[in-house]
Amino acid sequence: MTARKLDGTAIGRAIKEEVKKEVEALAESGIRPGLAAVLVGDNPGSRVYVNSKVKTCAELGLYSRKIELPGETTTAQLLELINSLNGDESIDGILVQLPLPNAIDTNAVLEAVRPEKDVDGFHPVNVGRLVRGQACLEPCTPAGIMEMLRRSGLPISGKRAVVVGRSDIVGKPMAFMLLHRHATVTICHSRTKDLPGVCREADILIAAIGRTAMITGDFVKPGAVVIDVGMNKAETREEAERIFGPDEARLAEIGKKGYTLVGDVEPRTVAPIAGYLSPVPGGVGPLTIAMLMSNTVKAARLRRRLA
Ligand code: NDP
C-alpha cells in the first residue's frame, strides 16, 4: 500500500477559481479587492514569495501594489507606511513579508496593521479571535491545511491530531483550528519527550518543523493522514535517494538546479505506512497563496459589511 496523495496544486487551483468568480461578482458592484505587499530589504526568498503573490493577484483580477523598501528602513518609517495603507481605500489587505531585517521591531509592525486588513492573520486581535473560535482573518498556511482536509473529505471530529511545531504562523494556529473542529490535539516541539511515540498516536499528523525529512516511517500510525508543511532543500544525490528512494526526477533536478525541495517528512519510509500524504512541492505551498487571495476578498467584503 502507498499513501494517497493530497494534491495541494489541484486544491489550490480550485480555491483560486472560486476566488476569481467572487472577484468578478464584486466587480459588478464596482468593488475591486486590493492587496498591498510590503517587502523590506533584499532577501531573495522573500522577493520570490512577494512576486508570486502579486502575480496571483493579477491572475485572479485583484488589485495589488508591491512596495519595496531598502534594508536600512527604520521601524518608524515602516509604521508610517502601514498607517497610510490602513487609511487607503483601494487597499483591503496588507501583507508585510517576513522575516523583516533584525533592526526592525516586527511585533510593532504587525500590531500596526488594522485587524480588518490583516490578511496574514498575525495581529493579536485576529489571534485572540481565532483562539476564542470567533470569525476572523485566519493565518493562510493552517487555513489552507483545513481546506485540504475538508475538500479531501477527511474527517477531523474525534480524531487524534498531533502538530509538530509551535510557531505563531503555523503550529499554534493549526492546533486551535483542529481543536475547534473537535480533534483531540497535542502540540509537540523541540523538548517533547518520545516524539516518535507521540506522533504514532496521531490520526492526523502535521509536520511544521523546518527539519529535512525528520518524520520517518517510525513516527507514523498505519493509515494516518500526514501533512508536510516543511520547506527544505536536499542538495546531494545521496540525501535525495535516502529521502525519496530511486526517484529519477528528483536526481535530475539536483543535477540541473543543485537542489530539490524537501519537506519535514521522509516519503520513502512514510508513504508505505500513511493513508494520505501531502507532497513537497505541490502540497501545502500552493494552498498558502490561495488562502491569501481568499482572505483578501474576505477582508474586502468585511470592510464593506457585505455578507
Ligand atoms: P519555526 O522555526 O518558527 O518553528 C519550528 C518549530 O519546530 C518550533 O516550534 C520548534 O520547536 C520545532 N522543532 C524544531 N526542531 C525540532 C525537533 N528536532 N523536534 C521537535 N520539534 C522541533 O518554523 P515555521 O513554523 O515558521 O515553519 C516550519 C516549516 O514550515 C519550515 O520548513 C517553513 O519553511 C515551512 N513553512 C511552509 C509554508 C508553506 O506555505 N508551505 C509556510 C510557512 C512555513 P521549539 O519551539 O521548541 O524551538
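**Reading contacts, a sheet and a ligand site**

Visitor: Which residues is Thr212 in contact with, leaving aside its neighbours within four places in sequence?

Guide: Contact means heavy atoms within 4.5 Å. With those neighbours left aside, Thr212 contacts Asn232, Lys233, Glu239, Ile243, Val262, Gly263 and Asp264. The model is predicted, so local features need pLDDT of at least 70 and side-chain atom pairs pLDDT 80 or more, while totals for chains, interfaces and linings use all residues. Residues are numbered from 1 along each chain as its sequence is written, and side-chain values use heavy atoms, without hydrogens or water.

Visitor: Where does Thr212 lie, and is Thr212 buried, exposed or partly exposed?

Guide: Helices (H or I, at least four residues) and strands (E, at least two) are DSSP runs numbered from the N terminus. Thr212 is in the loop between β7 (204–207) and β8 (225–228). Buried means under 20% relative accessible area and exposed over 50%, with partly exposed in between (1.4 Å probe, protein chains only). Thr212 has 29% relative accessibility and therefore counts as partly exposed. Its C-alpha is 7.7 Å from that of Ala234, 22 residues apart in sequence.

Visitor: Is Thr75 buried or exposed?

Guide: Thr75 counts as buried, because its relative accessibility is 17%. Thr75 belongs to helix α3 (residues 75–86). Not counting residues up to four places away in sequence, Thr75 touches Ala103, Ile104, Asp105 and Ala108.

Visitor: In what order do the three strands of the open sheet run?

Guide: Two strands pair if DSSP finds at least two bridges between them. Here the order is β3-β2-β4, with parallel pairing. The edge strands, β3 (63–69) and β4 (93–96), each pair on one side only. Strand β2 (residues 34–40) is joined to β3 by seven bridges, and Ala36 stands opposite Arg65 in β3.

Visitor: Which helix packs on the sheet?

Guide: Axes are lines fitted to C-alpha atoms, for helices over the stretch in contact, and angles run from 0 to 180 degrees between N-to-C directions. Helix α12 (residues 284–303) packs there, touching β2 and β4, and its direction makes about 125° with that of β2.

Visitor: Which residues come nearest to the ligand?

Guide: A residue is near a molecule if one of its heavy atoms lies within 4 Å of it. Of the 21 residues around the ligand, Arg166, Ser167, Ser190, Met231 and Thr288 come nearest. A polar side-chain atom of Ser167 lies 2.5 Å from a ligand oxygen atom. For a backbone N or O atom of Met231, the distance to an oxygen atom of the ligand is 3.0 Å.

Methods: A polar contact is a pair of N or O atoms within 3.5 Å; within protein, one must be able to donate a hydrogen and the other to accept it, and residues adjacent in sequence count only if both atoms are side-chain atoms.
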